[in-house]
Amino acid sequence: MITFTPLSGAVGESQTCPLAYLLQLDDVRVLLDCGSPDWSPEERAFKPDNDPASTPWAAYCDALRQCAPTVDLVLLSHGDLAHSGLYAYAYARWGLKAPAYSTIPVQAMARIATLEDVEGLRDEQDIDDSDQHHAEPSEHLNLAETQSALDKDPTPSSSGKFVAAVQEVHEAYDSVNTLRYSQPTHLQGKCQGITIIPFSAGHSLGGTIWKIRSPSVGTIVYAVNMNHMKERHLDGTVLFRPTAGGIFEPLARPDLFITDADRANVTTPRRKDRDAALIDTISATLSSRSSLLLPCDAGPRLLELLVLLDQHWRYADFRYPICLLSRNGREMLTFVRSMMEWVGGTVSKEDVGVDSSGKTGAKRRRGHLEFFLNPQSLMHTYSSKEPKIILAVPASLSHGPCRSLFTDFAAVPDNVVLLTGRGEEGTLARLLFDRWNNSQRDTDKWDKGKIGSNVMMDGVLQLKMNSKIPLQGAELEAYLAKERAAKEKEAAHQAAIVRNQRVLEADEDESDEESDSDSEEEEVERALDDDDDEMDDSDHSVRPGRRRKHDKTEDNADWGGDMDDGLTKTLLSFDIYLKGNVSKSMSFFKSADGPTHRFRMFPYVEKKRRVDEYGETIDVGMWLRKGKVFEDDAETEEVKEAKRKQAEEEDKNAVREPPSKFVSSEIEIQLACRLLFVDMEGLSDGRAIKAIVPQVNPRKMIIVHAPTAAARTLIESCGQIRSMTRDIYAPSMGESIQIGQHTNTFSISISDELLSTLKMSRFEDNEVGYVTGRAGSSVSAEAANARVIVPSDRIFGARVTQPLPRSTMIGELKLTALKARLASIGVPAELIGEGVLVCGAGARRDQTSNNIDETVELEGNVSDVYYIVRREIYGLHALIAA
């Protein structure tokens, strides 16, 4: 049985980003994508009321947090924030430790995009990391205990923003398993029997269409954010290739097809028109001595813009600088150069790569593309009056250098803000896009297939700016005093640890005894308590109920508690014999002369050494410390002095951030720049989606990531096709869709002798054979002696009549594939009518038809062509001989 639940990015949501879906195949839970929202929406579109639970991402994050420990498999399809942005936080804080898979570029691009977002947010806002340890479930807890522990803390982050640390991002994506296109992977463990295969989706570098095969539920294809058109740095999706005969055969006719319909109502202009509009606007603006600002993400879509600009710069021989404001832009380009086998289109290594020193690859590009970490370094290099094109992150303009630049950039007349994406709902980019779209004529709207015109912005825009400023005056002094106190406390703590360590390592035997100190102390306590019980029972001079109490002090000394009245407490040490009433106790055995006294002494406990399967355990840390001491003693004074100077030099060159604080301010911007939108998102439009989906011809389909109107349009379009399935679902957020019935699968072992007699045929990724038999347990003695009752209508000793088994052919015949196969061996074929293929030259000697009931009929005279066609039909199927 298949159960599908959208956690985010469902149909009808006001915010269709991010994307995250929970797919359950019988008992296996698969998480499809794990995107993150924009953590800094505009207050005009969203007012949080200081309650983290009221944020638009609260329901999604809470649902993901609850199901994360129970997930068995994670599949990431694209390397942007909308598909992979929250994976690092869920991995580090919410227990999403299931095996994760992606292609190599998706892993790297997702790491770069997440790092850019995390560093940008933490540079401007105070992110609370108090939930770093207690929010992560222990690996020793079972599922119920883990869920109970997580339910105690529904909103771990006090700020309501689930932003991972930099180290957590690296650890999370280091754990991702990388695959190549068309590489089948057979999963193990709880997912045993499931096979996953990635295919190219277009849109982004390494973008993936996931094919999931399960023995119990069939084939599932997950394809979101596809692009069938070829771009400058990418080829189109492998799902639909018009030049190769249409739909890619391994992805055709799946049992379940999961796709998005976000742009089902959108008509995208031709790429030629879009590129021309973009280049013309850039050329006209730079020629008028003005500048352009292009908000972009530090992810895979940035590469298309860079390739387009580089090719035009070389063609027009421009000398204007291309400024990229990104912390990880240089790293992204370096990675792309090492992954040229994933890059398609017309791009070359020099168009996207940089050399090992960090400089651009070609000589004539060294003065064009320049990298800047912050707006201050950009302004220090180029003044605001110099013409230039600026690509700044993020594309949403919600934080980071792009938002900071916009505050000054938008107030300069003739400057152009060029949007290449609509942005997420509620962000500044979406507000600017809505203003541009509303100012266009009805025929020039962005979804009508036309390129709109730029508009002059006017009016006043209020923005909230977050920043980090250095401490000054009394705040700085208070901070330094607090830091000194913390350092002194830490130094004292470290000195105490070193002193205790020296004492413990003074004697190796004492070091061994220390490992069992806890158990020894308990045995000593029990021994002393036994002596007290004996004295209470035998000594009549002590009142009943008075027992000796042992209070441990810092030096592990014991204070005698059962002393005579009027006597003060005396410190007793049990390493020698004691004299006096307090040191005597009655013997358990009584003699004829009366009770005998014995002197009390310190009880002896045999010291045990801790051992494992390899023998006595060794304190590895102690040996490492001793080895380091020996190495230090063996070094000469010159080597020690060189190391000391090197450490001082590194400490001097280290960049130390001054003490700072986070502040927020409201500013007003007088808008005077121009605004233009050119669609460069690289996604298939409604015409392509309506043409591709019916050719995939799935048995069942689920629509996600779409407005209600777009999903309804796609459903109506599919309903007009007679061969298209009617089982189309469009679940809302949190709604579970159940498909099929729960089935139980069993594994049987076949002996080598039986396996050698079977004729195996290969079908897709499996080998299929035919075997008959009866499965049962061993026969008991009573069953062996039971009477055999023969039916009256059967002669005793006769065999039971059984139907003969028939051979089975597995597969689906595609007449187009058969036609291509016949043409390759010199047999002409022609498609006539619906489901009829005429083979052979001249007369219609052999006719192959594919009926609606999925039967194949071969008609014709006995000839060479007849047997050739039959052989090719057999070759397209897996024959299971009975």
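## Close-up views

**View A. R699 is partly exposed, with a relative accessible area of 32%.** Buried here means under 20% relative accessible area, exposed means over 50%, and partly exposed is in between (1.4 Å probe, protein chains only). A word on the model: it is predicted, so local features need pLDDT of at least 70 and side-chain atom pairs count only at pLDDT 80 or more, while totals for chains, interfaces and linings use all residues. Residues are numbered from 1 along each chain as its sequence is written, and side-chain values use heavy atoms, with hydrogens and water left out. R699 has a salt-bridge partner in D255, with the closest N and O atoms 3.8 Å apart. D255 sits in the loop between β12 (246-247) and β13 (256-260) and R699 in the loop between α19 (686-696) and β29, so this pair ties together parts 444 residues apart in sequence. A salt bridge puts a side-chain nitrogen of Lys or Arg within 4 Å of a carboxyl oxygen of Asp or Glu. Helices (H or I, at least four residues) and strands (E, at least two) are DSSP runs, numbered from the N terminus. D255 also counts as partly exposed, at 27% relative accessibility.

**View B. Seven strands make an open sheet, in the order β7-β8-β9-β10-β13-β29-β30, with mixed pairing.** The edges belong to β7 (185-186) and β30 (728-729); each has a single partner strand, so one side of each is left without a neighbour in the sheet. Strands β29 (residues 701-704) and β30 run parallel and are joined by two bridges. Helix α20 (residues 708-719) packs on the sheet and touches β29 and β30, its direction making about 155° with that of β29. For pairing, DSSP must find at least two bridges between two strands; contact means heavy atoms within 4.5 Å. Axes are lines fitted to C-alpha atoms, for helices over the stretch in contact, and angles run from 0 to 180 degrees between N-to-C directions. Look for I702, whose bridge partner in β30 is Y729.

**View C. E119 and R327 form a salt bridge, their closest N and O atoms 4.0 Å apart.** E119 belongs to helix α4 and R327 to the loop between β15 (322-325) and α9 (329-338), so the pair ties together parts that are 208 residues apart in sequence. E119 counts as partly exposed at 23% relative accessibility, and R327 does too at 30%.

**View D. D310 and R314 meet through their side chains in a salt bridge (3.2 Å, N to O).** Both lie in helix α8 (residues 301-316), four residues apart, or about one turn of the helix. D310 is buried, with a relative accessible area of 4%, whereas R314 is partly exposed at 30%. Elsewhere, salt bridges with shared partners join E119, D123, R327 and K468 into one network.

**View E. E124 is buried yet has no salt bridge.** Find E124 in the loop between α4 (104-122) and α5 (143-151). The nearest side chain of opposite charge, R403, is 6.4 Å away; Lys and Arg count as positive and Asp and Glu as negative, with His and the chain ends not counted. A polar atom of the E124 side chain does lie 3.0 Å from the backbone nitrogen of G400. Leaving out residues up to four places away in sequence, E124 touches H399, G400, N466, S467 and F662.

Methods
Polar contact = N/O pair within 3.5 Å; in protein donor to acceptor, adjacent residues only side chain to side chain.
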